[in-house]
Amino acid sequence: MCKGLSHLPSSCLEKAKEMRVKLSHLAENHHKQKTQDGKILQDLETLLNNKGGLLAFRGFLRSEFSEENLEFWLACEQYRVSPTNLQKIKAISIYNQFINPDAPLEVNLDAETREALLSVMDTPCTDTFNKAQQRIYSLMAKDSFPRFLRSHHCI
């Protein structure tokens, strides 16, 4: 049935070789991406700094109705790099959205951290939310992230 490749025109053989090289490059790139994805899943920090990982994690949290921690963490990241003249407005917005006991996306912070934040809302600075952000990060790392790794959202 199969007479081998020798009966094919040389132009077809050349095309086949080109396709083989391209396919091997695609396979290699796919393997590299899988390795990178594996690295993404090793720790929360890497995941949060990767657009695809962040989107998948956000989708997972949304499916569990618990995206407020991630949204708070992201708001703190944006706040940290905001111009000084906008910090007070942004700080109040973050406080009202995430910290205030009546906040629509209230995050789980201890009373001491909440009170400390309330006391500096009149004069916020770049690191105003650092302690609260770190507590929420730890919560995500210990609770949400391991569940994400076991979910179907994690590819």
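Predicted model: local features only at pLDDT ≥ 70, side-chain atom pairs only at ≥ 80, totals over all residues.
**Entry 1: H3 against H7**

I began with helix H3, residues 51-63, and its crossing with H7. The two axes come within 10 Å and cross at roughly 95°. I count angles of 65 to 115 degrees as roughly perpendicular, so I noted H3 and H7 as roughly perpendicular to each other. Next I listed the residues that meet. From H3 I have Ala 56, Phe 57, Phe 60 and Leu 61, and from H7 Met 140, Ser 144, Phe 145, Arg 147 and Phe 148. By class this contact of H3 with H7 holds seven nonpolar residues, one polar and one charged.

**Entry 2: H3 against H4**

I then looked up how H3 lies against H4. Their axes come within 9 Å, with a crossing angle of roughly 140°. Roughly antiparallel would need an angle over 145 degrees, so I recorded H3 and H4 as oblique to each other. On the H3 side I found Leu 54, Phe 57, Arg 58 and Leu 61, which meet Leu 70, Glu 71 and Leu 74 of H4. The residues of this contact of H3 with H4 divide into five nonpolar, no polar and two charged. I noted that Phe 57 and Leu 61 are listed for H3 in its contact with H7 and again in its contact with H4.

**Entry 3: H4 and what covers it**

H4 runs over residues 68-80 and has 13 residues. From first C-alpha to last I get 18 Å, close to the 18 Å expected at 1.5 Å a residue. Which residues of H4 are buried? I wrote down Glu 68, Asn 69, Leu 70, Phe 72, Trp 73, Leu 74, Ala 75, Cys 76 and Tyr 79. Their cover includes helix H2 (44-48), H3, helix H5 (84-99) and H7. Leu 70 and Leu 74, both on the buried list, also belong to the contact with H3.

**Entry 4: H5**

H5 has 16 residues and reaches 21 Å between its first and last C-alpha, close to the 22 Å expected at 1.5 Å a residue. I have its buried residues as Gln 87, Ala 91, Ile 94, Tyr 95, Phe 98 and Ile 99. H4 and H6 are among what covers them.

**Entry 5: Thr 128**

I looked up Thr 128 in the loop between helix H6 (111-119) and helix H7 (130-150). Leaving out residues up to four places away in sequence, I found Thr 128 touching Tyr 79, Leu 117, Val 120 and Met 121. Tyr 79 had already come up as a buried residue of H4.

**Entry 6: Phe 65**

Phe 65 sits in the loop between H3 and H4. I noted a positive phi of about 55° there, although Phe 65 is not a glycine. Most residues other than glycine have a negative phi. With a relative accessible area of 75%, Phe 65 is exposed.

**Entry 7: His 152**

Last I checked His 152, in the segment after H7. At 71% relative accessibility, I count His 152 as exposed. What separates the C-alpha atoms of His 152 and Phe 60? I get 8.5 Å, for two residues that are 92 residues apart along the chain. Phe 60 is one of the H3 residues that meet H7.

Methods: Residues numbered from 1 in each chain as written. Heavy atoms only, no water. Helix = DSSP H or I, 4+ residues; strand = E, 2+ residues; numbered from the N terminus. Contact = heavy atoms within 4.5 Å. Axes fitted to C-alpha atoms, helices over the stretch in contact; angles between N-to-C directions. Parallel < 35°, antiparallel > 145°, perpendicular 65-115°, else oblique. Nonpolar A, V, L, I, M, F, W, Y, C, P; charged D, E, K, R; others polar. Expected span 1.5 Å × (residues − 1). Buried < 20%, exposed > 50% of the residue type's maximum accessible area, 1.4 Å probe, protein only.
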